[in-house]
Amino acid sequence: MTIKYDAQGLIPTIIQHAQTKEVLTLAYMNEEAYNKTCSTGETWLYSRSRQELWHKGATSGHTQQVMAIRLDCDADAIVLEVLPNGPACHTGATSCFHKEVLKKPSDLGSLDILDQLKQVIATREVELPKDAYTTYLFNEGIDKISKKVGEEATEVVIAAKNRDAEELKWEAADLIYHLLVLLQEQKLDLYDVLGVLQKRHDKH
């Protein structure tokens, strides 16, 4: 299918996390950016403000490995499914779409809550809202965060040994939260960890 560029020679490009399906960025490509994306396997875009080609992550190191390219039904919009090597937004947030306007209640029993929590933690690190506990952890730094992970892991073990399912549920949730904060502080994506689990699973 032939790509339909607009009058300026551009096509809107939605960049989406290949694993979480979270929308990371809306940008534009011209024909050269599209060809470079296809040939290199990494995201190339066209900056309308700078009027130049743009290799995503060339300066920050936050490149994106392209896993799939999809055109819409009219061939005038593109979706790139990528595995990002770091945050997509220049603010340091995982996604450029981190300004929440409306949010309806969701099924908190779903694993989607991990993606939501991960995004909130990444946004907290950038914005550092006053009086937020996550802000406190980031301000205290790696020693405090690591200590909390250790404390919560110990609480999980105690609850398990006591056969206290209700307590174990809450302590496990605390451990997961603090572990996600630790991963964010270290700039290690949760999906890199899940990738290790996937590789181990594939071997068995």
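1. Basis. This is a predicted model: local features need pLDDT of at least 70, side-chain atom pairs count only at pLDDT 80 or more, and totals for chains, interfaces and linings use all residues. Numbering starts from 1 along each chain as its sequence is written, and side-chain values use heavy atoms, without hydrogens and water.

2. Overall fold. The protein has six helices and six strands. These are DSSP runs (helices H or I, at least four residues; strands E, at least two), numbered from the N terminus. Their order is β-β-α-β-β-β-β-α-α-α-α-α. The C-alpha trace spans about 65 × 45 × 35 Å along its principal axes.

3. Helix α5. Residues 165–185 form this helix of 21 residues. Lys-187 follows α5, with a positive phi near 60°.

4. His-178. This residue sits in α5. His-178 counts as buried because its relative accessibility is 4%. Leaving out residues up to four places away in sequence, His-178 touches Tyr-133, Leu-137, Ile-145, Lys-148, Val-149 and Glu-152 (contact: heavy atoms within 4.5 Å).

5. Burial. Of the 204 residues in the protein, 34% are buried.

Note on methods: Expected span 1.5 Å × (residues − 1). Buried < 20%, exposed > 50% of the residue type's maximum accessible area, 1.4 Å probe, protein only.
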